[in-house]
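Q: I am new to this structure and would like a close look at one part of it. Could you walk me through the aromatic rings and how they pair up?

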Amino acid sequence: MKKIGIVTDSNSGITQDRGRKMGVAVIPMPFFIDEKLYLEGITLTQEEFYQRLGENAEISTSQPSPADVTGLWDRLLQEYDELVHIPMSSSLSTTCSTAVMLSQDYDGRVQVVDNQRISVTQRQSVLDAIALREQGMDAAQIKKVLEEEKGKSSIYITLETLKYLKKGGRITPAAAALGTVLNLKPVLQIQGGKLDAYAKVRGKKAAKRVMMKAMQEDLKTRFAKEAEEGKMCLEIAYTGNLPEAEEFKKEVQDCFPGYDIWMDPLSLSVSCHIGQGALAIACAKKADIF
């Protein structure tokens, strides 16, 4: 049986330490803060990121260099026969398409998965890959199963501030100012890898209700069969507001009894566009394990 290695990036929420314990290689996502390069989880902590964000530092996302990616693959392939590489969704970053291009020089030994996931839903794909490997699948088979789950995830996010949507040009300064005065909280959704507006409500409590209702609807309609079979996972994500997230997790648990709920910080690649204080609820289908 082939020895299969698994690679992901820090967008999955899997830290370097947790990755080592799981036996998964985690590529740190690079960020430029006031033109200086930082690596998530190595030279940049969650706390430092939000501190600099609050100081209005100029923060931009980047992607791992091709040399860093192939260098990691080359080292791992000295130990493993094949690799399954699980980056963030191709719809949200060019990281995936770059990895696909680079993998073409590896004669099938590196299989890059694009199943349109990020953050806590991407983490579920990593767990699935581990389970599928234990079932004896090779890298190409694991990629096939994971990509068959494309579209079988959903994320809803509400924000504390409109500042970063304004800064990124997603809303006008006038709309941001009016929204702040009226205490409007947008609810965004990630479906199939695309970040879009879902609703706009007054206050965080109302936004949380809207998100939980939207998730209930997804589990009753889009994922009804999978939910009935116990194949859907529920997750919570947050941006630098752990106490609030813990309270939200209790509310979600009450709303969805019977689900085990995983909670992690939201990917910094998303956080830099929405700011501190955001909350998210997500679901993802587990791969079928035989």
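A: Here is a walk through the ring pairs, one at a time. Please keep in mind that this is a predicted model.

Let's start with the whole picture: a search of the entire structure turns up five aromatic pairs. One of them joins phenylalanine 49 and tyrosine 50, whose ring centres are 5.1 Å apart with 85° between the planes, an edge-to-face arrangement. Phenylalanine 49 is buried, at a relative accessible area of 0%. Tyrosine 50 has 6% relative accessibility, so tyrosine 50 counts as buried too, the cut-off being under 20%.

Another pair brings together tyrosine 156 and tyrosine 198. Their centres lie 5.1 Å apart and their planes meet at 65°, which makes this pair edge-to-face, because planes over 60 degrees apart count that way.

Finally, let's return to the rings we began with. Phe49 and Tyr50 are linked with Phe31 into a cluster through ring pairs. If you find these residues in the view, you can follow the edge-to-face pair of phenylalanine 49 and tyrosine 50 and then look for Phe31 as a further member of their cluster.

Definitions and conventions. Residues numbered from 1 in each chain as written. Predicted model: local features only at pLDDT ≥ 70, side-chain atom pairs only at ≥ 80, totals over all residues. Heavy atoms only, no water. Phe/Tyr/Trp six-rings, centres within 6.5 Å; stacked < 30°, edge-to-face > 60°. Buried < 20%, exposed > 50% of the residue type's maximum accessible area, 1.4 Å probe, protein only.
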